[in-house]
Amino acid sequence: MRYSYYILLVIVCYMLSSCHSNNSKHMDYRLESIWKMSDDDLDGAIMLAKQIEDSVYLCVESTKKKYDLLNIRLRDKQGIIPSSTDSAKTIAKYFEEHGEPRDRMRAYHYLSSAYRDFHDSPNAILFDLKAIEAAETQNTEDSAMLEKAYSQLSTLYRQQLNMEKSIEMAIKHYDISCDKIWAAMDIANAYFFCNDTVHSLQYYDECYAVLARDKDFNYNPALHSELLARYSIFGILEKADSLYRLLKLLPRPTHPQNLYSALGEYFINRHEIDSALHYYKLDLESNFSYGQKCDASYAIMNCYKENPMVDSIAKYAFLFAQYNDSVISERRFEQTVNADAEYRYRRNVEEEKRILQRDEILRKRIYTISLLLIMIILGGSVFYFYRRKKMLELNLSKDQQIENYTQEIAKKEDSIKSAKEAIDNLDMQLSELYSQIGKKQIQNDTLLQLALMRKVEDNASEVIEKFKKASSGQYPLTENEWKDLMSAIDRIYPEFKSLLQHKIPRLSKPIIQTAYMMKAGMSNPQIASSMDIPRQTVWYRSNAIKKALGDDLQVDIDSI
């Protein structure tokens, strides 16, 4: 009874674990659908994520971590700066040990985003590089996340003034992107900061071709603002004016962070210094980024140079110096270079390990093959010498046997000679016997033929009587009776059989029987009744036989 309880307990535990596993799989599917939904409907994704919060924490650990990662993504899309990087670190570490490549790539990217928000560019670059590595080596099939990683790396490298890497990452982003606007803007900005006007304008114009018609700001007003600033700097005022007219329609709560700096650039190139100062000061007050504050204070300082105001110039020059020092300390160029070098060193070490492992495997294979070849050669040599020894022994024994055989053959040749003489005598006796037997055989054949002829002659009337009865359907014919009829006809007409074979080359049994009955003087109806076949068939056969034999079918009634 106790064992039954134990078995029942095991069954219940198994069913609970099975339900737990199925629930986790279903929840993973829902989390993935919310993840994809957040690209198009952020508010709806946030609402759904809150609805499933209680259900998630009844699932396995991997599902919980995926839910935590989803929340980090949703907060990042809302522009919420995390309080620390601890949560993203924990998730990245978990998926690094237990997750699939796609989960690992996503965790690395959002850990990079957390470091980016804390102005830790070295670690931000390092973990985005890891995200790209996971995507490229494991085929994660999440191109959207790969695009984000390339785009963020391009921006990070640009902030670190590493323009060559920034352009490289922007081009990779452009190559895999379905929506080329963001990728084209990345490339254009990278070329812009390299002072490559031709290439930067090429990609800015590609963006402008779409954004100038985007009156609903589907692509994000920040892109319009950035493009306004660039065309203002290049002095392409016609395109700048069209973008300015679009941006004026934006309600104030939806103003992007870069709008005021873009409007400052626009009015500077319009030589409207007061308006430019107004927007630059708004930019300085509204931004929290040291980089943007530095740029705004520098622009204000330059504006005051147009209308020399020493106190104002000194004030904003001092602010510019302060913010510039903060930017330099934030960028941590040396650490970024070290992080990039460390990542490449690690990749090189991993590549070197793979090469060493491959060489070690190759070395072991060569060693094994060499050992096998040596063993095969040694085995072959031993077998060869053993076989040769056996062959020599066999040859010696054969020589002895041949000598014995030669002596035996010599003895047998003598006996064969005497046997041949005896055989010759027997041949002579046999030939005499064969000649006597031949004569006896001829006599027997003659006597047998005479006996058969006698039998046919004696029974001819009886045979004919049977065939007459058969023609009227009174008597069925046997095979022997057919033979008797043919023998009787052959006796009466000895030449008929050879004549039939000569004039009708392809004889069948029915044709022969029909011809013999016609020679016996029977009519077509009698033949049809005797053979039990249709009259039309008999008519066809008899016409063919008459055509072939002609007068040779005339019947001697007296003979019959």
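## Salt bridge between Asp-39 and Lys-77

Asp-39 and Lys-77 form a salt bridge in which the closest N and O atoms are 3.2 Å apart, a salt bridge being a side-chain nitrogen of Lys or Arg within 4 Å of a carboxyl oxygen of Asp or Glu. The pair links distant parts of the chain, 38 residues apart, with Asp-39 in the loop between H1 and helix H2 (42–51) and Lys-77 in helix H4 (residues 61–77); helices here are DSSP runs of H or I with at least four residues, numbered from the N terminus. Asp-39 is partly exposed, with a relative accessible area of 38%, and Lys-77 is also partly exposed, at 29%, where buried means under 20% relative accessible area, exposed over 50%, and partly exposed in between (1.4 Å probe, protein chains only).

## Basis of the model

This is a predicted model, in which local features need pLDDT of at least 70 and side-chain atom pairs count only at pLDDT 80 or more, while totals for chains, interfaces and linings use all residues. Residues are numbered from 1 along each chain as its sequence is written, and side-chain values use heavy atoms, with hydrogens and water left out.

## Other salt bridges

Side chains of opposite charge can pair when their charged atoms come close. The count of salt bridges comes to 15, and one of them joins the side chains of Glu-32 and Arg-102 at 3.6 Å, N to O. Glu-32 lies in helix H1 (residues 2–37) and Arg-102 in helix H6 (residues 101–117), so this pair ties together parts that are 70 residues apart in sequence. Glu-32 counts as buried at 14% relative accessibility, whereas Arg-102, at 26%, counts as partly exposed.

Within helix H12 (residues 221–234), Glu-226 and Arg-230 lie 4 residues apart, about one turn of the helix, and their side chains meet in a salt bridge of 3.5 Å, N to O. Both Glu-226 and Arg-230 are buried. Salt bridges that share partners also join Asp-28, Lys-66 and Asp-103 into one network.

## A polar contact at Ser-242

Ser-242, found in helix H13 (residues 237–247), is buried, with a relative accessible area of 16%. The side chain of Ser-242 is joined to that of Tyr-208 by a polar contact of 2.7 Å, a term for a pair of N or O atoms within 3.5 Å; within protein, one must be able to donate a hydrogen and the other to accept it, and residues adjacent in sequence count only if both atoms are side-chain atoms.

Key. Helix = DSSP H or I, 4+ residues; strand = E, 2+ residues; numbered from the N terminus.
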